[in-house]
Structure formats: structure tokens, C-alpha cells
Amino acid sequence: MNREKLIYASFIGSFVLSIIGSLMKIMHWENASFVLGIGIFALAVFVFAALYEIFQSSRIKTNEKIMWLVGFLALGWFAGFIYLLLGRKRVVTNQDFKLKQTL
């Protein structure tokens, strides 16, 4: 699985599993903590993969990289959603991404 698919799959999985786990927790259903834990684990995978991609990028400056780090740590899904919609285009272009895959 390449990095782009990992980033999208882990973000969507973490969002869906966390919502389902939270609803299960509210309804006091069994295994709600397990589902919620898997959702949080998927969010951690997304954050680490996205931060790796950000810190490997040569297109953005160090202060923006630190802002992304703080955003991911403080805001979680909201920063991840903004990153997928707007920020990833600035961090990785298709040409840079294809070049890294061939190396």
C-alpha cells in the first residue's frame, strides 16, 4: 500500500470508527471501547504518515511544518481534514510524489 492510499484510508477509517465507537459508547453497547480504540489507533497512523510526508517535503518552510505539527497534535481530525483538502496539494505535487516512488 503506498503512502497516499494509507493516508486517505487511515483518515476515513479513523473518522468512521471513532464516530461509531462513540455512538456505541453512548448506547452502552459491548466492545464500544475496542472500536473507539481502533479508531484512535487509525488516527495515530494517519497523523504519523501525514507528518512524515510533511517533514520530508522540500516545498514548504520549517515554520509551516511546525504549524502542521501543532495543528495535528491539538486539533486531530479537523487539521487532518484541512490537510487532505488543501494542504496536501502544497506539500506534495504529483511530479514529486511519482519521483519519490521511483527512487
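At roughly what angle do the axes of helix H2 and helix H4 cross? The axes of H2 (residues 32–56) and H4 (residues 77–91) cross at roughly 30° and come within 12 Å. Welcome to a predicted model, in which local features need pLDDT of at least 70, side-chain atom pairs count only at pLDDT 80 or more, and totals for chains, interfaces and linings use all residues. Residues are numbered from 1 along each chain as its sequence is written, and side-chain values use heavy atoms, with hydrogens and water left out.

**Overall layout**
- The protein has five helices and zero strands (DSSP runs of H or I with at least four residues for helices, and of E with at least two for strands, numbered from the N terminus).
- Of the 103 residues in the protein, 36% are buried (under 20% relative accessible area, with a 1.4 Å probe and protein chains only).

**The H2 and H4 pair**
- H2 and H4 are therefore roughly parallel to each other (an angle under 35 degrees, taken between N-to-C directions of lines fitted to C-alpha atoms over the stretch in contact).
- Their contact (heavy atoms within 4.5 Å) involves Leu-43, Phe-46, Ala-50, Glu-53 and Ile-54 of H2, together with Trp-77, Gly-80, Tyr-83, Leu-84, Arg-88 and Val-91 of H4.

- Leaving aside neighbours within four places in sequence, Phe-46 is in contact with residues including Ile-7, Phe-11, Phe-72 and Tyr-83.

Terms used
Axes fitted to C-alpha atoms, helices over the stretch in contact; angles between N-to-C directions. Parallel < 35°, antiparallel > 145°, perpendicular 65-115°, else oblique. Buried < 20%, exposed > 50% of the residue type's maximum accessible area, 1.4 Å probe, protein only.
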